[in-house]
Amino acid sequence: MKLNKSQGDLLKRVIERWEADGTIDVSTADRLKGSYTVRSFEWKELAKYSFWIAIVCGVIAVVSVLADHLIMDLLERLFLSSYSLVSGVFAVGAALVYYWGWRRRKRMPYKVFSNETILFLGVLLTAVSVGYLGAAMDNGSGHFSLLFLLAAVIYAVLGFYFSSVQVWVFALLSLGAWYGAETGYLSDWGNHFLGLNYPQRYVAFGGLLVACRFLLVGKKWFTTFDYYT
């Protein structure tokens, strides 16, 4: 049986997991590993997809040249007329992308890279939606760190649900951005917060993350997530 690299990696991890759990013995694991081979990179497929992408890009370029003013006027009216509307549009778009990624992951879990790319698109749409939500709710206080906190919560929930390292990384990045912006806001954007400058604050932040990591070791849900990542 011939598999591509992502399929081969997934099958190898499953067999090794079964072997570690004692579901199968060593000889059976070796026999299963020898029952398949990993195909080399499929350059023909790459050329085919590159050709399709080139065609699509060419069509988009022609349409953009012909309808440049029309498109720009439409986008300007859409994006500047109502920040709440734009935020909602991107939120719905993100939800649809996450649903697409969820369905595709169930049907083709072995296509790791393309599935993660879909989730990455959802992450970008979520960020745009949160940004426009902040613009819609802006009251001039400058307390924009709450937007980072909202994004961190959303990404953390999605990262746990999808067991995606990529989404978890964005959750941690958003949480770190919130921490820096929030301490800056509380200190009136001074150089020190509770006597700590920014490098010292992030040392404390990193220490807290490491402590949380060790506290969660042994938790059933965390162990399951750690295996899939």
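The crossing of helices α5 and α7 is right-handed, a crossing being right-handed if the near helix is turned clockwise from the far one by less than a right angle, and left-handed if anticlockwise. The model is predicted, so that local features need pLDDT of at least 70 and side-chain atom pairs count only at pLDDT 80 or more, while totals for chains, interfaces and linings use all residues. Residues are numbered from 1 along each chain as its sequence is written, and side-chain values use heavy atoms, with hydrogens and water left out. Helices are DSSP runs (H or I, at least four residues) numbered from the N terminus.

The axes of α5 and α7 come within 12 Å and cross at roughly 15 degrees; axes are lines fitted to C-alpha atoms over the stretch in contact, and angles run from 0 to 180 degrees between N-to-C directions. This angle makes α5 roughly parallel to α7 (under 35 degrees; over 145 counts as roughly antiparallel, 65 to 115 as roughly perpendicular and the rest as oblique). In the contact (heavy atoms within 4.5 Å), Tyr98, Trp102 and Arg105 of α5 meet Tyr155, Leu158, Tyr161 and Phe162 of α7. These residues divide into six nonpolar, no polar and one charged, where Ala, Val, Leu, Ile, Met, Phe, Trp, Tyr, Cys and Pro count as nonpolar, Asp, Glu, Lys and Arg as charged, and the others, Gly among them, as polar.

Helix α7 also meets α6 (residues 112-137), the two axes coming within 10 Å and crossing at roughly 155 degrees. Helices α6 and α7 are therefore roughly antiparallel, and their crossing is right-handed. Among the residues in contact are Leu119, Val123 and Gly134 of α6 and Leu147, Ile154 and Phe162 of α7. The contact of α6 with α7 comprises 10 nonpolar, two polar and no charged residues.

The structure holds nine aromatic pairs (ring centres of Phe, Tyr or Trp, the last by its six-membered ring, within 6.5 Å; planes under 30 degrees apart are stacked, over 60 edge-to-face and the rest tilted). In one of them, Tyr98 and Phe162 form a tilted pair, 6.1 Å centre to centre with 35 degrees between the planes. This pair links Tyr98 in α5 (residues 83-107) to Phe162 in α7 (residues 145-162), 64 residues apart. Both Tyr98 and Phe162 are buried (under 20% relative accessible area; exposed is over 50% and partly exposed in between, with a 1.4 Å probe and protein chains only). Ring pairs also join Tyr98, Tyr161 and Phe162 into a cluster.

Definitions and conventions: Helices (H or I, at least four residues) and strands (E, at least two) are DSSP runs, numbered from the N terminus.
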